[in-house]
Amino acid sequence: MKLKSLYQFIASTSENSYVNGLCNVFLMLLPISLLSAFCMLLGNSFTLIGMTELADKVLFTSTLIWKLFRILLVVYYSQFLATLHKTSRTNVITPSLLIYVILGHEWGMLHPGTMIPTNYPLAIFIPLLVSKTTQILERKKLFMESELPNVVDQTINLVGACIFMVVLYAGAGYLFKGWIQSFSEVVRLIPSLDEYSLGDALLYELIRNLFWAIGVNGHIILAPIKSEVYEFSVQSFELHSTFGNPLPILTSNFYDIYAGMGGSGNTLSLVLCMLLFTKNKGYRTLAVATLVLSIFNINEPILFGLPIIFNPVLVIPFLLTPLAGLSIGYLATALGWVDPVSTFVSWMTPAFISGYLATGNDIAAPILQLVIVLVGMAIYLPFFKQMDKVAGSNAVFTKGLSDNFFNYRDLGNSRSVMGVLPQMSANLSAQREISQLQKTGDFVLFYQPQYDMNKECVNSLEVLIRHKGYDGKITPPWFLGSFAKLGLTSELDLWVVKQALEEVSPLATNPNFKVSINISPDTFLVENFATIVSGLIAKSSLSFNQVEFEITEDLLIQDEKKTWSVLQELRQKGIRIALDDFGAGYSSIGYLSRYEFDKVKIDRSLVLNLNQKNGREMFSLTSQLVRTTGAEIVVEGVEQQEEIDFMREQNIDLIQGFYFFKPMPFSDIVDKDLFCK
């Protein structure tokens, strides 16, 4: 029951618009933190080689860049909230910045030597407050709408809103200043992190990674605690250097070198699992692409791209692995197997090098880090295998999730963002379904003939995919939805093309034989699709004009320009194109005049109404429209004698339906002399 409640909580959190927006904002601010960290790493490197003047300049740049983080956090989150509430962005961003700086100054939260406050919760809370206030003001129609030029209205509204909200909230902040200071004193009475307690360290690391698990930068949220640990570390290093005091174990960099290899969650272990143990080419590609970043402890592409956030499977090892790393590192240091951390290194310093440098060149430290990485792999591996149930794909399953949840272009748009967890659950279910099918049987091809009533022979074969269990049971293609959820439709389509070309090769000697293969919109628009399938056909026994691809109007709706280009490339090779399910959509007729089709397949929905006068007239009109294009007509789903008689009246010869043939294995077809000569 508790697990169910936790699952529901995570699901509702993953669908919360404010959390989604905050996750997007932190992701957009990633370049700021990376640039600051890179400058710090570079500055420390210059210091080591004696270039102190250049090092000071670079380190100053690092500090300057980092100071911009809070201001940009206010701006980006204000922009998102304005869009979410459908209010003016300017009326939210400008007052939010002014109030943030004023209250930060009033409450003593300024960064030393600057006018920039350093309080992250304040940078998040104020845009929330201002955007909601702006929404209320607009709802009550308190903003000016005159006959003056729009720029005049907007300027007056902005000035008025700024004055009103700055006076309101800055004044309230001044009135409550004493209460805030009293509250701060109470907060100081709450026990802070005990720098000598492993239990406190584990709790701190757990909470920090819990924030990351919902897409919020845990380092930033818990920055005050991290600052305390840093100051404690500075004092400890100075006392050790001056008076020879023993070094504590849990210093600032201790967390980085033993619990942050590859980034939060010790995700270097996960990347290595993906690289070494996956059956999925997409996961391996992602691992290769992010390995270099992981070496420098940058794991946002894994967190947001795999994803780990809101992922009920990978969140568990993501939380457990750094706790194991901290415990092992603490135990090894306490037992004297490895020297304690005695100096500062940048958090971007690669694993193994970081341990060696931070412990004063103790070779045991990188060996200990290697042990922790291997332990982390052992923790991640069984969970990752649950994500890797479907073998042999070329796509990263959850690309659709990360694209929907984290999208720079959509940060300022009003499009709602879907929660990750419901989709992730559906994906895991789809993986289990396909995995079960793979274990219990094979995917096979069936063929349904298209019969020419005039010539009394089979004109072509349409390829249909089925699942055949080891017990002989044939399963209809309900599993296509599962492949689609996992982004594997293209892989499945191309497998069908290759398999069909191999199976029908015995009929290639008949120049009148054709094989017709359905191609989904996702596959048709794959980069270099025409080149890929042309290569497969060229290697087969069939000629190009013996292959026909069936497409639906869904493809034509998606990207007309690219579709036209691919169609032209295929037709130039001699490959035939058929429009499937004609009459089932709302805009198929318009596409008849824009594209050239070799064949048009009239949908069964029009056949079902032939017992009514209007239905017969509609069918006749539809067939006449197709004839004006010069394309062949095939009628799908013909099962009754009355339907056959009507087709003869309409001078339609090509029929595909149970009246003549049901789908069957190729072996049942090749033994019969059915094909037109």
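Predicted model: local features only at pLDDT ≥ 70, side-chain atom pairs only at ≥ 80, totals over all residues.
Started with strand E7 (residues 599–602): three bridges join it to E6, and the two run parallel. I took helices (H or I, at least four residues) and strands (E, at least two) as DSSP runs, numbered from the N terminus; strands pair if DSSP finds at least two bridges between them.

Residues are numbered from 1 along each chain as its sequence is written, and side-chain values use heavy atoms, with hydrogens and water left out.

Back to E6. I found alanine 578 opposite lysine 599 in E7. Strand E5 (residues 547–551) also pairs with E6, parallel, over four bridges, and there phenylalanine 549 has isoleucine 577 of E6 as its bridge partner. Is E6 enclosed or open? Six of the seven residues of E6 (residues 576–582) are buried, so the strand is largely enclosed by the rest of the structure. Buried here means under 20% relative accessible area, exposed over 50%, partly exposed in between (1.4 Å probe, protein chains only).

Next, the cores: sets of buried Ala, Val, Leu, Ile, Met, Phe, Trp, Tyr and Cys residues joined through side-chain atoms within 4.5 Å. The largest has 98 residues, and I see Leu73, Met274 and Leu306 with the most contacts inside it. Helix H4 (residues 52–84) gives this core its largest share, 10 residues. Another core of 73 residues lies apart from it, including Ala430 and Leu567.

Last, I checked leucine 357, in helix H17: at 33% relative accessibility it counts as partly exposed.
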